[in-house]
Amino acid sequence: MSTVSPRVRACGRWALLLELDSADAVAATARALRAAALPEVVELVPAARTVLVQVRPGTGLDRVRDAVAEVDPSDVGAGEGDRHTIPVLYDGEDLQLVADTAGISTDEVVALHTGAEFTVAFCGFAPGFGYLSGLPEPLRQPRLESPRAAVPSGSVGVADVYSCVYPRRSPGGWRLIGRSDLVLFDPAADPPARLVPGDRVRFEAR
Amino acid sequence: MNARLEVLATGPQAVVTDHGRPGHAHLGVPPSGALDRPALDLANRLVGNPAGAAGLELLLGRTRLRARGAVTVAVTGPPVTLRAGGRAVSSHCAVRLPDGAELTVGAPDGGVRVYLAVRGGLEVPLALGSASTDLLSGLGPHPLVDGDVLAVGDAAVDPVPPSGPVPASVPAGVARLRVRLGPRDDWFADPTGDLTGPAWSVSPTGNRIGVRLDGPAPRRRPEREGSELPSEGMVVGAVQAPPGGPPVVFLADHPTTGGYPVIGVLEPDDVAVLAQARPGSTVRIAVVG
């Protein structure tokens with residue numbers, strides 16, 4: 001596989017935004033930069049097609065640039081993340097809508113969702129909110145036209161190419177297919193987020 | 001038992017603040033921490049605390065506190081009137097409050113956020129290493145309410161410096177913000193012109209998450225009109241430009257990822273300048289770097 005180096009974009013005085021062409025390349029790049037363990041790096045934030053690297057003010061970005069030049073984004077490697085199984089009660093408010101949109105039954109929605117292995121592509125939106133890639137094609141659906149003001153904690157949703165579990169009550173526009181009791185974010189735990197980028201996730205119906 | 005500070009009246013909003021909790025953005029946790037960090041740092045220095053000891057960020061002042069046990073405090077940020085035990089005292093210097101004395105913080109003359117440090121620092125439970133209230137994620141203590149009692153800690157490392165008041169920096173009538181273009185300036189037809197041309201007005205809806213700059217929306221390149229950006233990591237000072245709307249500048253409690261293109265990022269020193277710019281006031285942007 002040919003190596004395409006990340007495209008480096010300026011992001012203020014103390015950060016670079018690395019642009020990549022696939023979720024796998026994002027994961028490989030984030031993994032390589034984490035492994036480089038540069039002490040000046042204070043934030044390393046993978047997202048859909050980018051990795052944000054931020055250094056401590058007063059240090060510099062030179063060593064980050066050097067480390068980025070060494071990265072092979074095609075090095076998919078072995079996923080070193082933890083594996084999780086999340087029990088879900090599939091009674092979400094939008095389960096029928098998701099089934100109708102996909103042209104399948106609600107049972108088939110559950111079968112697709114429990115049959116897939118997801119990867120935590122990145123976190124954002126709220127503490128412990130993971131964007132889980134690996135969503136089967138029929139469940140890849142747009143967000144609701146108008147978001148809910150309050151989505152209950154533990155709600156399991158789908159939107160775009162991702163699934164998610166809401167770590168706490170918040171506004172949200174994802175289509176809700178079920179709910180889980182799992183505590184996904186606890187500031188007193190280490191790490192505080194149960195799902196961190198690179199982790200593998202399966203859902204099981206209960 | 002250590003001294004305490006009793007909150008008699010909070011004013012519009014009072015939160016506990018320190019240097020925040022950087023290093024958790026990949027888990028969706030905002031950096032949080034004092035918006036005008038130099039002002040918090042000065043307040044801590046004036047009472048002999050280490051940098052980053054927990055203090056208070058008071059939105060528009062108008063706060064009353066009572067000492068439970070003798071304490072030494074300092075109030076910084078924009079110039080502001082203070083009364084201690086009924087007497088007028090200076091901001092920007094150490095003020096000793098005997099047990100039972102009341103401290104009244106007035107409304108600042110200019111600026112937005114007033115900082116209070118207490119010798120020893122505030123002792124509140126830490127969340128991910130920080131005492132800061134994060135209004136986006138709900139981490140840290142809740143915003144203060146009347147009747148709260150705050151424990152004073154043992155964080156002081158130095159004697160209280162013997163200096164008189166240090167000069168307060170008065171926010172300029174027109175704040176000037178320096179911006180470095182990127183990472184998504186190439187989505188815009190004339191990023192420099194569209195940022196530096198307008199006299200931006202600070203929106204009254206601003207908060208610790210971000211401040212909207214009212215003015216003409218930066219124009220997108222024709223090929224980027226209607227485009228959507230996959231979510232990407234955000235930094236403090238990021239100038240996000242939603243389609244057809246005015247830009248929003250992210251402050252300390254910002255979401256860690258966002259889906260609108262960032263046309264430029266404020267110079268780090270200018271984040272505090274924006275955080276002290278009054279709603280309705282004018283800011284001008286210069287492009288640097």
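Visitor: Which helix and strands do the buried residues of helix 4 of chain A pack against?

Guide: Happy to walk you through this one, bearing in mind that the model is predicted. The buried residues in question are V109(A), V110(A) and H113(A), in a helix spanning residues 106-115. Their partners are helix 3 (95-102), strand 6 (118-123), strand 9 (155-159), strand 10 (162-165), strand 12 (175-179) and strand 13 (200-205) of chain A.

Visitor: Why do V109(A), V110(A) and H113(A), which are buried, lie on the same side of helix 4 of chain A?

Guide: Start with the burial: V109(A), V110(A) and H113(A) are buried in helix 4 of chain A. They sit on the same side of that helix because, around its axis, they cover an arc of only 95°.

Visitor: And which residues are exposed on the other side of helix 4 of chain A?

Guide: Exposed here stands for over 50% relative accessible area. On that other side of helix 4 of chain A, the exposed residues are D107(A) and G115(A).

Visitor: Let's turn to the open sheet of four strands in chain A; which are its edge strands?

Guide: The strands of this open sheet come in the order 1-2-4-3, with antiparallel pairing. An edge strand here pairs on one side only, and that picks out strand 1 (7-10) and strand 3 (41-46) of chain A.

Visitor: What angle does the direction of helix 2 of chain A make with that of strand 2 of chain A?

Guide: Strand 2 (residues 15-19) is joined to strand 4 (residues 50-55) of chain A by five bridges. Helix 2 (residues 62-70) of chain A packs on the sheet and touches strand 1, strand 2, strand 3 and strand 4. With the direction of strand 2 of chain A, that of helix 2 makes an angle of about 15°.

Key:
Residues numbered from 1 in each chain as written. Chains lettered and ligands numbered in written order. Predicted model: local features only at pLDDT ≥ 70, side-chain atom pairs only at ≥ 80, totals over all residues. Heavy atoms only, no water. Buried < 20%, exposed > 50% of the residue type's maximum accessible area, 1.4 Å probe, protein only. Helix = DSSP H or I, 4+ residues; strand = E, 2+ residues; numbered from the N terminus. Arc of directions from axis to C-beta. Contact = heavy atoms within 4.5 Å. Pairing = 2+ DSSP bridges. Axes fitted to C-alpha atoms, helices over the stretch in contact; angles between N-to-C directions.
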